[in-house]
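Have the viewer open as you read.

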Amino acid sequence: MPRFLATALPVALSMAMSWTLSLALSLALTTPAAALDVLAGVLRVDYPSLLPISRYDLRPGDLGFAGAILADEDNATTGQFLGHSYETVTRSATPETAEAALEALLQQGVRFVVVDARGPELLALSDRAAAAGALVFNARASDTALRDTECRGNLLHIAPSDAMKADAVAQFAIWKNWPEWMLVAGSNLTDQSLAEAYRRAARKFGAKITEERVFVDRGGARRTDSGHVLVQRQLPVFMQGAKAHDVVIAADASDYFAAYLPYHQWDPRPVMGSAGLRPVTMHGAHEAWGATQLQTRFEKLTRRVIQEEDYNVWLALRVLGEAVTRSASTDPEVIETYILSDAFELAAFKGQKVTFRNWNGQLRQPILLYDGRITVSVSPQDGFLHQVTALDTLGLDRPESNCTAFQGGSQ
Amino acid sequence: MKSLVWAFCLSCCAMGAFAEKAFVSNERGNTITVIDTESWQVINEFSGGNRPRGILLSPDGALLYVCASDDDTVRVFDTETYEELYTLPSGPDPELFVIHPSGNPLYIANEDDNIVTVTDTESHAILEEVPVGVEPEGMAISPDMAWVVNTSETTNMAHFISTGDFQIKHNVLVDQRPRYATFTSDGERLFVSAEIGGTVSVIEMAENGTPEVVAKIGFDVPGVLPEWLQPVGIKVTEDGSRIFVALGPANRVAVIDGESLDVLDYIITGQRVWQMAFTGDGKYLLTTNGNSNDVTVIDVAKEKAIKSIQVGEQPWGVAIQQN
């Protein structure tokens, strides 16, 4: 026995496990598991919105919540062997009732809240949760600022930032040797900040934006019966006379025009970004790295195909479940410390472990590039190197982030 | 039908030593490639059902069992005629399995259903379905036949199932996405590979009779990104002196000292090296390389790759007759 323990030490060191954690782990393995009941909440904020351009993008009533049910099942299967039980309460709210809904969850004793909301609501909810000592997982908001100046110490980001997604697209374009971009952005604030993420990605990876155009949002319905007739005449004219470019990058966070771009340009070029080849965390046809099992479990449970929102919520609760399993605790502080430690790792059907940036609370994960039917590619791309992990070539890197709310953050 | 099979077995045994054959399951090509382990020539390739993955032989070498994952069945072939004899119920999406040293039963991991199916190879009936963790994958049986071990990829545990009453008696947490499990021939140690965790856990029975992780083996290859060092298949030499670990997309097999558990060397193989098997004399180790469609032959004593053999599309598993 002692012989093997002696050999275990350098291995543990090389894996950069902290001593206290490996001690805690061995204790958890050798002592009888203590019973733990894990109570979590999912709060989804539904915004007034127009119908999407495509019926495929209609939001099912259980969007996101379905991921929570699957995560509870997955966590409970593991938990049964350790005496851990999992229960997740789901709530939907409007932007106006979101705070009251959070209050109700906190009253119930929930201290782990997955929030599916836009940036402004997310921040307000996170601050209220912080006052109650609760940990928040962001399953939706992609604002890069939330990982930068606006970060919060009790807010972990499961959803990738606009910067991560733009970098994922940019790396693929560079790998393809398509360095000249035409950037077409929407006129809304969120479209413009997404466009800024693509400008930043172009600078970062050496692409050149040869032409920029803004497609103005004039409101109104996004689709009409036989509306394609007009689209086919108007869009090519809008796209006419652009400087030479290899690819069109669409920045349409509000989803009102990008879907119409492919095939309606003046110059025949691939479209990427908000249409064509899109950066996503998951889609219903992704099968690599064992994801088929995730898909079949999800479809058996819900009788529909998984969407990004479902996966993001599932992943948030799996992060929580993994931390409970390894730390044998339900204390939000202990859980967050473990999640941000070097010991934390999780398999998420992405071919490599997902971990957290301990300087801004962002989950590192590969980004799938999806054409609407299959996984075309996965970023980070081959050849984009980083001294810590290739995943840190996506999004804000440590020296670029102005987040100071975390121990590992810049001072 | 069954008497025919037995007649065949008897005639095989009566013929004495037959040439040793290696059988490779080709996951994408839906075929089984047969390799002569003396000449290293491919001598046949036959249909293996849809998405053949886990592959093993009956103890007498007469029957070949193949997990046809997309057919939700185990297909059984004659190792002389390559004819499909019958199928066995496996539960949905069978991936990896082990056979009791007596030849009966089979213990099958059902990745989609969180169960291990125990199938009688003679009556062709399902004896038991054991609920385990999420996405069961790796299977091992202890040399004393007391334990069947299953690893579950999303639960990240090795489950110790008693072969007596099919109940789980112990659960051991290992690193992310445990893929494969195997015992040393003396049964003292169990090795479990964690594909995403990048480690091999070494598990021993403590004095109080509960299994525990006593060491973890990590990997480090200069010039290879750590995230691509993904341990999958494991094979241990009969004397326990060497442990070979296939490192998937790192395209290498690690050679580990059985005593010190130090990694001694990395042998370069084909691409996405997955499962492995020893020849009957233990002299050679064959690896399946899923992304280069070949098998690498490793000289075990020299710890060197000596040959690569082109097989079908995306080879996954390999089983070799033990003469």
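Which residue in the turn of the hairpin formed by S12(B) and S13(B) has a positive phi? That's Met145(B), at about 65°, in a hairpin with five residues between its strands. Keep in mind that this is a predicted model, where local features need pLDDT of at least 70, side-chain atom pairs count only at pLDDT 80 or more, and totals for chains, interfaces and linings use all residues. As for bookkeeping, residues are numbered from 1 along each chain as its sequence is written, chains are lettered from A and ligands numbered from 1 in the order in which they are written, and side-chain values use heavy atoms, with hydrogens and water left out.

**Helices in chain A**

- Helices (H or I, at least four residues) and strands (E, at least two) are DSSP runs, numbered from the N terminus.
- Take helix H3 (residues 65–79) of chain A: its 15 residues should span 21 Å at 1.5 Å a residue, and the end C-alpha atoms sit 20 Å apart, which agrees. The expected span here is 1.5 Å times one less than the number of residues.
- Twelve of the 15 residues of H3(A) are buried, so the helix is largely enclosed by the rest of the structure. Buried means under 20% relative accessible area, exposed over 50% and partly exposed in between, with a 1.4 Å probe and protein chains only.
- Among the buried residues of H3(A) are Phe65(A), Leu70(A), Asp72(A), Asp74(A) and Asn75(A).
- The cover over those buried residues includes strand S1 (36–45), strand S2 (84–93), helix H9 (291–302) and H10 of chain A, together with strand S14 (157–162) of chain B.
- Helix H10 (residues 308–327) and helix H11 (residues 332–340) of chain A pack at about 100°, their axes 9 Å apart. That makes H10(A) roughly perpendicular to H11(A). Axes are lines fitted to C-alpha atoms, for helices over the stretch in contact, and angles run from 0 to 180 degrees between N-to-C directions; under 35 degrees counts as roughly parallel, over 145 as roughly antiparallel, 65 to 115 as roughly perpendicular and the rest as oblique.
- On the H10(A) side, Val319(A), Leu320(A), Ala323(A), Val324(A), Arg326(A) and Ser327(A) meet Val334(A), Ile335(A), Tyr338(A) and Ile339(A) in H11(A). By class that's eight nonpolar, one polar and one charged residues. (Ala, Val, Leu, Ile, Met, Phe, Trp, Tyr, Cys and Pro count as nonpolar, Asp, Glu, Lys and Arg as charged, and the others, Gly among them, as polar.)
- Ser126(A) lies in helix H5 (residues 119–131) of chain A and is buried, with a relative accessible area of 0%. Leaving aside neighbours within four places in sequence, Ser126(A) is in contact (heavy atoms within 4.5 Å) with Val136(A), Asn154(A) and Leu155(A).

**Sheets in chain B**

- One open sheet has four strands in the order S4-S5-S6-S7 (chain B), paired antiparallel. Two strands pair if DSSP finds at least two bridges between them.
- Strand S4 (52–57) and strand S7 (84–89) of chain B are at the edges with a single partner strand each, so one side of each is left without a neighbour in the sheet.
- Four antiparallel bridges join S4(B) to strand S5 (residues 63–68) of chain B, and Pro52(B) stands opposite Ala68(B).
- Another open sheet of four strands runs S3-S2-S1-S28 (chain B), again antiparallel.
- In that sheet, six bridges link strand S1 (residues 21–26) to strand S2 (residues 31–36) of chain B, with Phe23(B) partnered by Val34(B).

**Around S13(B)**

- Six of the six residues of strand S13 (residues 147–152) of chain B are buried. Trp147(B), Val149(B) and Thr151(B) are on one side, with Val148(B), Asn150(B) and Ser152(B) on the other.
- Strand S12 (residues 136–141) of chain B joins S13(B) through four antiparallel bridges, and Ala140(B) has Val149(B) as its bridge partner.
- S13(B) and S14(B) are joined by six antiparallel bridges, with Asn150(B) opposite His159(B).

- Cis peptide bonds join Ser379(A) to Pro380(A), with omega about 10°, and Asn104(B) to Pro105(B), with omega about 0°.
- Asn114(B) has a positive phi near 55° and is buried at 17% relative accessible area.
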